[in-house]
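Please read it alongside the sequence and the model.

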Amino acid sequence: MEFLGLYNYWVFAILLMTGLYAVISRANLIKKLLGMTMFQAAVFLLYISMDKVDGGTAPIIQVGAVDQLYSNPLPQVLILTAIVVGIATLSLGLAIVVRISETYGTIEEGEIREIDEE
Amino acid sequence: MVTLFGVFLLTLLVITAFGIVRAQHLFVAVMLSGIFSLQMAAIFFILDAADVALTEAAVGAGVATVLMLGALALTDDRERGPKRHRWAPIVVVSLTTLMVIYATFDKPRLGDPEAPVHQHVAPWYLEETPRLIDIPNVVTAILASFRGYDTLGELFVIFTAGIGVLFLLANPSKRGALSLLPSAEAEGLRHHLVPRVVGRLLVPFIVLFGLYVQFHGEYGPGGGFQAGALISAGFILYALIEGEGAALRAMSFRLLRGMIAGGALLYVGVGLAGMLLGGNFLDYSVLADNPIAGQHLGIMLVEAGVGLTVTGTLLTVFHAFAAREQRR
């Protein structure tokens with residue numbers, strides 16, 4: 001079971017690069033944004049994987065518990081706020097995509113470039 | 001057992017991620033990303049991050065999916081680009097993946113109590129929170145008090161993003177002010193019996209749970225960010241069932257705008273009140289007779305500010321997308 005201790009980080013690597021692949025290889029702007037959220041989610045997974053302590057529990061101090069181990073609260077704080085900031089920036093990105101679609105009539109990168117070059 | 005369950009969930013996560021990239025139909029991709037977020041929330045939960053799991057479930061699986069669908073309705077729900085896979089990105093991405101995986105062999109394994117990340121400030125937070133702040137939830141204590149500056153910054157990012165969406169999408173009215181009023185009365189799902197009955201049953205409980213999470217955040221998992229996401233999810237559900245007009249009558253655009261600005265102002269105001277009373281910016285200890293009561297008061301007010309701004313921003317963004325839809 002020892003090798004499974006790094007499984008979270010491998011999944012992090014795969015998700016990170018799957019997200020990057022969607023951003024660099026897809027021409028559709030919404031697909032790019034989906035890739036970006038996946039990239040972001042991979043980073044969240046990396047941070048939260050680091051907070052786990054064996055035998056620990058969620059960092060909410062229990063009255064009367066002696067020698068209770070708690071997982072690291074700091075990565076949780078960072079990611080908690082990052083998730084909500086992520087949705088705020090995602091909505092801004094979607095709003096820009098909507099305006100692009102209204103102006104150009106398409107959300108495909110190649111078609112937008114053709115219209116621009118005309 | 002928990003380890004195996006975690007491995008199973010993470011594998012599912014990778015499969016879902018490949019599904020999202022492969023799906024030609026964007027509606028399918030968006031639905032899969034909702035599932036992706038839900039799986040992610042489950043993983044966060046088994047990694048002891050209850051607060052984060054709550055946020056991810058409400059934001060990722062709830063609000064983000066609705067916003068994505070709103071954007072799809074305004075643009076195009078099919079990917080029309082070339083279907084072939086380009087080789088250069090695949091090669092670059094695979095090589096980088098292998099490099100990152102190679103780098104992980106130097107990392108401490110999952111749950112190692114000796115890992116460097118657990119040696120620095122984290123033990124201090126866990127030991128000193130009961131003495132300095134005296135609330136059970138250490139995550140809330142760090143979020144609102146120890147790292148209050150950070151949270152203030154994040155709150156202003158959300159505030160700015162909300163304003164940005166309004167500038168991009170809201171319809172300018174005759175007097176030059178921005179407005180979100182739907183041009184015609186939106187029907188919603190009023191004529192569909194099952195969603196209407198189930199939704200009406202759920203909405204009050206979602207909002208009630210959101211308020212509980214807001215005010216119980218010091219004692220259990222919760223706080224302003226989670227509560228804001230939950231309450232706005234409840235109101236978005238209401239808007240989907242009864243139409244945006246009904247939701248805007250319950251919470252008007254004027255009120256939402258006030259919430260966005262008021263929440264941010266409340267946060268800064270608590271910080272400035274600390275300065276006026278002789279402490280530092282965002283030092284809550286001077287707010288009441290004794291430092292601990294001051295910390296409690298400060299954390300409660302700051303979390304209320306966060307909750308107001310997050311609720312206001314998410315609902316405003318939703319209404320901005322919805323109103324745009326009807327204009328077309």
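A residue is buried if 20 or more other C-beta atoms lie within 10 Å of its own, exposed if 12 or fewer, and partly exposed in between, with C-beta atoms placed from the backbone. The model is predicted: local features need pLDDT of at least 70 and side-chain atom pairs count only at pLDDT 80 or more, whereas totals for chains, interfaces and linings use all residues. Residues are numbered from 1 along each chain as its sequence is written, with chains lettered from A and ligands numbered from 1 in the order in which they are written.

**Helix α9 of chain B**
- α9(B) is mostly covered, with 18 of its 19 residues buried.
- Helices here are DSSP runs (H or I, at least four residues) and strands are E runs of at least two, numbered from the N terminus.
- Spanning residues 224-242, α9 of chain B reaches 26 Å from first to last C-alpha, close to the 27 Å expected at 1.5 Å a residue; the expected span is 1.5 Å times one less than the number of residues.
- Gly243(B), with a positive phi near 95°, follows α9(B).

**Chain A**
- Chain A has four helices and zero strands.
- Its radius of gyration is 20 Å, well over the 13 Å that the globule rule gives for 118 residues, so chain A is more spread out than a compact globule. The radius is taken over C-alpha atoms, and the rule is 2.2 Å times the number of residues to the power 0.38.
- Along the principal axes, the C-alpha atoms of chain A fill a box of roughly 70 × 35 × 15 Å.
- Buried residues account for 54% of the 118 residues in chain A.

**Contact between the chains**
- In chain B, 82 residues are in contact with 72 residues of chain A, contact meaning C-beta atoms, placed from the backbone, within 7 Å.
- Helix α3 (residues 50-74) of chain B gives the most to the side of chain B that touches chain A, with 13 residues.

**Nonpolar core**
- A nonpolar core is a set of buried Ala, Val, Leu, Ile, Met, Phe, Trp, Tyr and Cys residues joined through C-beta atoms within 7 Å.
- The largest has 133 residues, and those touching the most other members include Leu15(A), Leu45(A) and Val63(B).
- α3(B) gives the most to this core, with 16 residues.

- Asp48(B) has a positive phi of about 70° and is found in the loop between α2 and α3 of chain B.
- Leu282(B), with phi near 65°, is in the loop between α11 and α12 of chain B.

Conventions
Two residues are in contact if their C-beta atoms, placed from the backbone, lie within 7 Å.
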